[in-house]
Amino acid sequence: MAITYLKKGKPEAERQSDDAAVRNTVETTLAEIEKHGDAAVRELAAKFDNYTPKSFRLSQEQIDALIATLTEQEIADIKFAQEQVVTFAKAQRASMTDIEVETLPGVILGHKNIPVHSVGCYVPGGKFPMVASAHMSVATAKVAGVPRIVACTPPFKGEPNAAVIAAMHFGGADEIYVLGGIQAIGAMALGTETIEPVHMLVGPGNAFVAEAKRQLFGRVGIDLFAGPTETMVIADDTVDAELCATDLLGQAEHGYNSPAVLLTNSKTLAEDTLAEIERLLAILPTADTASKSWEDYGEVIVCDSYDEMLQVADDIASEHVQVMTDRDDWFLENMTCYGALFLGPRTNVANGDKVIGTNHTLPTKKAGRYTGGLWVGKFLKTHSYQKVTTDEAAARIGAYGSRLCMLEGFAGHAEQCNVRVRRYGGVNVPYAEAAPVLQEAAE
């Protein structure tokens, strides 16, 4: 057995170098919020977001006004994505039934599935407005039957982001606050004079948000300990370098520290993908972020066999695992450690993140070894997977995914969708532009 690294990322020790500083900052900030409440929250919002409204909570009139700034197509796309998430979440919820059994005459045992009383949903938005995160947290909590859903998102370029607010509202949020970072997490968990504390926190965020959730865990429940976005592409010579490079860079654009790994048994594909990444970085609008992430955290691993690839994949336990081989279902049957699987060349992580219906809040930093991602039955370990099997479906989902990605400014994500629209739908979408509305067959 031979496992060869054609490219390696930063050593783990270097990746953890800033943890202590983040931990200390969060600890001090949470103490200020707990002591001074709204005053501390307002001071932090002014300092970090330059945002000081009369009230951080949006009124129904403000929500309606923001939604009115969106086009009909943007609203339709958001609702389409949310419908997919809700449909899958309802199916998952239906699988969880209350039981009552008589184990011995006169001895009755049972269980009930009772939703958490209140949940705080954090939706990132400082750099990119993460519209899809509202579906994954707010809409899923609604399906689960949570009585009180609080949603927080930071201002985007100084103002509430209309698309994010619309997604929160359509998803069923009871209270919507334009509030970000540690101050949002602290306010929801600890409570202030104007914000009643919640019982559970969910949603992704930057290192400070993740650390705040970690420090508050125990006082409130959390979904999982999340780190930077991770992606792995498992591929053999049944696919080409363009697909591999596009799928790697589509996730590397998330941030400067997003690991992206190519795992293959083809040295030719590995070398071609390295070259293709360099070509795409010259034209990708988000290359400043993606190139830094790829330089520091990108890896290319060549194995001799599929068994070796399986071994390495389970050891890394990546958040997103894109499988494009001649035996995709074999990986589905045999992989045990991951966040979510994306099976076949027609499937991609961007569609999973934005529109296809499975939840995108997933375990990182090897947590897939012991937990699954966020879903209506959060306290069980459950994994999701998706497979697109027809050209028509690949083109249809891809077109929606493309437009939703470009709505958020994720050009690399959009290209993951666009390359499928070109290949499987025959539509020549210009590079890094939103796909047109496709004519859909009557159902």
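Below are a few exercises on this predicted model, each with a worked solution.

Local features here need pLDDT of at least 70 and side-chain atom pairs count only at pLDDT 80 or more, while totals for chains, interfaces and linings use all residues. Residues are numbered from 1 along each chain as its sequence is written, and side-chain values use heavy atoms, with hydrogens and water left out.

**Exercise 1. Confidence**

Task: find the mean pLDDT of the protein chain, then look at residues 379-383.

Solution: Start with the scale: pLDDT is the predictor's confidence in each residue, from 0 to 100. The chain has a mean of 90, and 94% of its residues reach 70 or more. Next, turn to residues 379-383, where the pLDDT is below 50. This stretch still has 18 contacts in the model beyond near neighbours in sequence (a contact means heavy atoms within 4.5 Å).

**Exercise 2. Salt bridges**

Task: how many salt bridges does the structure hold, and what parts does the pair Lys 213 and Asp 223 tie together?

Solution: The structure holds 15 of them. In one of these, the side chains of Lys 213 and Asp 223 meet at 2.7 Å, N to O. Lys 213 lies in helix H9 (residues 207-216) and Asp 223 in the loop between strand S8 (221-222) and strand S9 (231-235), so the bridge ties together parts 10 residues apart in sequence. Helices (H or I, at least four residues) and strands (E, at least two) are DSSP runs, numbered from the N terminus.

Now check burial, where buried means under 20% relative accessible area, exposed over 50%, and partly exposed in between (1.4 Å probe, protein chains only). Both Lys 213 and Asp 223 are buried.

**Exercise 3. Two more bridges**

Solution: 
- Glu 276 is buried at 14% relative accessibility, whereas Arg 279 is partly exposed at 43%.
- Arg 422 is partly exposed at 23%, while Glu 415 is buried at 3%.

**Exercise 4. Aromatic rings**

Task: which geometry does the pair Phe 80 and Tyr 400 have, stacked or edge-to-face?

Solution: Rings of Phe, Tyr and Trp (its six-membered ring) pair if their centres lie within 6.5 Å; planes under 30 degrees apart count as stacked, over 60 as edge-to-face and the rest as tilted. A search of the whole structure finds 6 aromatic pairs. For Phe 80 and Tyr 400, the centres are 3.9 Å apart and the planes at 5°, so this pair is stacked. It links distant parts of the chain, with Phe 80 in helix H5 (residues 72-94) and Tyr 400 in helix H16 (residues 391-408), 320 residues apart. Phe 80 is buried at 12%, and Tyr 400 is buried at 13%.

Compare Trp 330 and Phe 331: their centres are 5.0 Å apart and their planes at 85°, so this pair is edge-to-face. Trp 330 is partly exposed at 24%, but Phe 331 is buried at 0%. Together with Tyr 306, these two residues form one aromatic cluster.

Technical notes
A salt bridge is a side-chain nitrogen of Lys or Arg within 4 Å of a carboxyl oxygen of Asp or Glu.
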